[in-house]
Amino acid sequence: GSTKLWGGRFASGPAEAMARLSLSTHVDWRLAPYDIAGSRAHARVLHHAGLLTDDELQRMHDGLDVLAGDVESGAFQPVLDDEDVHTALERGLLERVGADLGGKLRAGRSRNDQVATLFRMWLRDATGRVATGVLDVVEALTSQAAAHPDTVLPGRTHLQHAQPVLLAHHLLAHCQALLRDVARLRDWDARTAYSPYGSGALAGSSLGLDPQAVAEELGFDAAVDNSIDGTSSRDFAAESAFCFAMLGVNLSRIAEEVVIWNTAEFGYVTLDDAWATGSSIMPQKKNPDVAELARGKSGTMIGNLTGLLATLKAQPLAYNRDLQEDKQPVFDSVEHLELLLPAMTGMMGTLTFHTGRLAELAPAGFTLATDIAEWLVRRGVPFRVAHEASGECVRLAERGDVGLDELTDTELAGVHPALTPEVRDVLTVAGSIASRDAHGGTAAPRVAEQLDRVRSAVRDH
Ligand code: ARG
């Protein structure tokens with residue numbers, strides 16, 4: 001007979017184009033191990049409810065074990081007639097334990113509660129892998145920060161030289177964002193750790209099954225409180241797609257800096273050969289493709305999020321087949337991240353920073369002008385006046401093509417009577433950085449503390 005799950009009321013099978021449209025095994029086959037785990041748990045509650053004998057439960061579990069092995073080895077594969085992963089695995093079970101026993105497993109469950117549960121299970125594992133990959137990137141950045149305790153560079157706003165900062169401080173800024181990405185995935189998991197199994201098609205089960213027992217066996221905190229919500233809500237999927245897109249955007253911002261830093265004009269970094277690519281025509285080229293792929297893939301991940309939200313937006317309760325489109329974008333984002341994260345770790349961990357070049361540029365563009373203004377403020381000059389005076393110094397220095405520290409005593413005094421020669425004490429990159437010593441600032445002791453906190457956050461995750 002047919003192995004379709006819904007043949008009874010139909011006189012004919014589906015048209016070929018109907019079957020092709022319906023098919024999802026090319027996407028959802030990766031849920032197979034979770035589907036089998038769900039079936040094991042479901043068999044147990046059927047047994048508990050008196051719907052399977054001891055012997056039937058044993059044979060069912062044995063059959064599921066064999067099926068799991070055949071799925072893993074590739075001996076069992078979906079065929080065109082299998083609408084989805086659930087249909088295929090039911091066929092596999094029937095082939096292994098016979099139709100009489102195999103046909104009992106579907107009681108009290110629906111593909112609607114199954115797929116909602118399995119998707120959550122797959123995603124909870126996947127987000128764990130993604131979080132681990134992000135922590136590896138953070139470790140690559142912290143090891144660079146630790147290797148460069150006193151490397152300076154011009155901090156920028158609007159991409160213009162702004163104020164000198166420690167390279168470690170800059171790299172740790174990216175770590176802060178990535179640690180929030182990891183924390184977001186953990187927060188997401190707490191909301192997603194509820195099992196829809198037992199919700200049935202939408203209304204729950206009449207067979208005395210225990211959704212809490214299934215939830216526990218499948219590693220969830222509890223069963224969902226509402227079977228309609230359990231089968232039709234996908235905010236967990238959209239939220240994960242947001243977490244991935246946000247992570248992608250944060251990686252893209254790191255990547256964009258690497259692209260810029262690697263230009264001849266900036267000359268901040270050299271990429272390790274293992275994490276760069278060449279050109280098929282220009283022999284001299286060494287391109288930052290890892291960084292560019294990070295930038296490009298973030299666009300794809302943003303698209304996955306917006307596409308999924310659009311799919312969800314107007315669906316009435318409860319399950320609609322539109323929901324079959326929910327998995328591909330999320331799987332796709334995870335696939336991109338699992339490729340990208342190890343490469344970002346490799347690229348960032350092996351970057352060579354040209355510390356001499358960075359130090360030379362750090363004071364360029366009058367990045368110490370704010371230090372003059374704040375020095376005057378410490379002498380009692382109102383900031384509004386101090387800002388004007390410092391600006392005047394910049395104008396003089398620019399006109400004379402000299403650094404701020406090269407203005408003469410007379411020039412300084414001419415700008416403002418409070419501008420005595422001692423102001424030159426703060427007109428060094430080191431002095432400027434050391435002076436920004438409040439919590440969160442770029443002074444070396446604060447950055448060292450920050451590095452410790454970031455490293456212990458990585459360890460605690
Ligand atoms: N393959 C479907 C999905 O991924 C689950 C099957 C539900 N089908 C149905 N006709 N209710 O959403």
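**Domain arrangement, ligand shell and helix packing**

In the predicted model, the protein is divided into three parts: domain 1 (16-107), domain 2 (112-208 + 225-354) and domain 3 (361-460). The C-alpha centres of domain 1 and domain 2 are separated by 33 Å. Contact between these two domains involves 13 residues of domain 1 and 14 residues of domain 2. On the side of domain 1 that touches domain 2, at least two residues come from each of α2 (25-28) and α3 (32-48). The greatest contribution to this side is that of α3, which gives four residues. By class, the residues of domain 1 on this side comprise six nonpolar, four polar and three charged.

The ligand is surrounded by Ser24, Asp28, Asp84, Arg111, Asn112, Val115, Tyr319, Arg321, Leu323 and Gln324. Both domain 1 (16-107) and domain 2 (112-208 + 225-354) give residues to this shell, and the ligand shell therefore lies between the two domains. Helix α7 (residues 111-147) provides the largest share of the shell, with three residues. In terms of residue class, the shell around the ligand contains four charged, three polar and three nonpolar residues.

Helix packing was examined next for two pairs that share α5. The axes of helix α4 (residues 54-73) and helix α5 (residues 85-97) come within 9 Å of each other and cross at roughly 120°. The two helices, α4 and α5, are therefore oblique to each other, and the crossing of α4 past α5 is right-handed. From α4, the residues Arg59, Met60, Gly63, Leu64, Val66, Leu67 and Asp70 meet Leu89, Gly92, Leu93, Arg96 and Val97 of α5. This contact of α4 with α5 is made up of seven nonpolar, two polar and three charged residues.

Helix α5 also packs with α3, at an angle of about 60° and with the axes 10 Å apart. That angle makes α3 oblique to α5. A right-handed crossing is found where α3 passes α5. Here Ala32, Asp35 and Ile36 in α3 meet Val85, His86 and Leu89 in α5. By class, four residues of the contact of α3 with α5 are nonpolar, one is polar and one is charged.

The axes of helix α15 (residues 369-378) and helix α16 (residues 383-400) approach within 8 Å and cross at roughly 140°. On this basis α15 and α16 are therefore oblique to each other, and their crossing is right-handed. The contact draws on Ala369, Ile372, Ala373, Leu376 and Val377 of α15, together with Phe383, Ala386, His387, Ala389, Ser390, Cys393 and Val394 of α16. In the contact of α15 with α16, 10 residues are nonpolar and two are polar, and no charged residues are present. The contact of α4 with α5, by contrast, includes three charged residues, and that of α3 with α5 includes one.

Terms used. Residues numbered from 1 in each chain as written. Predicted model: local features only at pLDDT ≥ 70, side-chain atom pairs only at ≥ 80, totals over all residues. Near = placed C-beta within 6 Å. Nonpolar A, V, L, I, M, F, W, Y, C, P; charged D, E, K, R; others polar. Domains from an automatic or database assignment. Axes fitted to C-alpha atoms, helices over the stretch in contact; angles between N-to-C directions. Parallel < 35°, antiparallel > 145°, perpendicular 65-115°, else oblique. Left-handed = near helix turned anticlockwise from the far one by under 90°. Contact = placed C-beta atoms within 7 Å.
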